[in-house]
Amino acid sequence: MIEEYLINRNLILSDNTIPIKNRISIYIQQNIFCKEKLSISAISYYFNISPNYFSSFFKEKFEVNYKTYVNMYLIKMIKKKLKNKDIKLKEIAQEFGFTDTSHLAKFLKKNNVN
């Protein structure tokens with residue numbers, strides 16, 4: 001069941017009949033835990049878009065800049081994790097690639113998350 005889901009999800013990313021906005025959104029969701037794959041150079045290479053053009057292309061499609069979009073999705077995922085009382089803040093920080101809990105707290109404060 002999981003293998004089928006992963007295969008279907010990967011097919012969506014390579015299916016040019018699916019709007020690029022949807023494919024980029026899925027790519028971000030798939031790679032939210034891997035900051036290297038979310039760099040503009042990595043995502044623009046994956047979708048064959050010039051890194052110099054990617055930011056304006058993204059803003060045109062999503063009506064928000066790339067970093068803001070990724071941060072909004074990251075915050076959404078972190079909030080979901082924070083609702084689970086069995087998961088420690090340290091575990092959440094590690095899972096999302098923060099050095100420690102203080103960096104996670106700074107990120108949340110900077111983005112006005114209570």
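**Helix 7**

I looked up the buried residues of helix 7 and found L104, F107 and L108. Buried stands for under 20% relative accessible area, exposed for over 50%, and partly exposed for what lies in between, with a 1.4 Å probe and protein chains only. Down the axis of helix 7, these buried residues fall within an arc of 95°, so they line one face. The arc is taken over the directions from the helix axis to the C-beta atoms. I checked the other side of helix 7 next: K106, K109 and K110 are exposed there. The buried residues of helix 7 pack against helix 5 and helix 6 (89-95). Contact here means heavy atoms within 4.5 Å.

The segment after helix 7 (101-110) holds N112. Phi of N112 is near 55°, positive although the residue is not glycine. Most residues other than glycine have a negative phi. I also noted that N112 is exposed, with a relative accessible area of 67%.

**What I am reading**

The model is predicted: local features need pLDDT of at least 70, side-chain atom pairs count only at pLDDT 80 or more, and totals for chains, interfaces and linings use all residues. Residues are numbered from 1 along each chain as its sequence is written, and side-chain values use heavy atoms, with hydrogens and water left out.

**Whole chain**

I counted seven helices and zero strands in the protein. Both are DSSP runs numbered from the N terminus: helices are H or I with at least four residues, strands are E with at least two. Of the 114 residues, 32% count as buried. I then looked at contacts with a separation of 6 or more: residues 24 or more positions apart account for 40% of them.

**Helix 4**

Helix 4 covers residues 51-62, which is 12 residues. From first C-alpha to last, helix 4 reaches 17 Å, close to the 16 Å expected at 1.5 Å a residue. The expected span is 1.5 Å times one less than the number of residues.

Which residues of helix 4 are buried? I found F54, F57, F58 and F62. Seen down the axis of helix 4, the buried residues fall within an arc of 105°, so they line one face. An α-helix has 3.6 residues a turn, so residues three or four places apart point the same way. The face of helix 4 turned away from the buried side carries exposed N52 and E60. The buried residues of helix 4 pack against helix 2 (20-30), helix 3 (40-46) and helix 5 (66-82).

E63 follows helix 4 and lies in the loop between helix 4 and helix 5. Its phi is positive, near 60°, and the residue is not glycine. E63 is exposed, with a relative accessible area of 71%.

**Helix 2 and helix 5**

At what angle do the axes of helix 2 and helix 5 cross? They cross at roughly 50° and come within 10 Å. That makes helix 2 oblique to helix 5. Under 35 degrees counts as roughly parallel, over 145 as roughly antiparallel, 65 to 115 as roughly perpendicular, and the rest as oblique. Axes are lines fitted to C-alpha atoms, for helices over the stretch in contact, and angles run from 0 to 180 degrees between N-to-C directions. I listed the contact residues: S25, I28 and Q29 of helix 2, and Y66, Y69, V70 and Y73 of helix 5.

R23 is also in helix 2. R23 and F47 are 24 residues apart in sequence and 9.0 Å apart in space, C-alpha to C-alpha.
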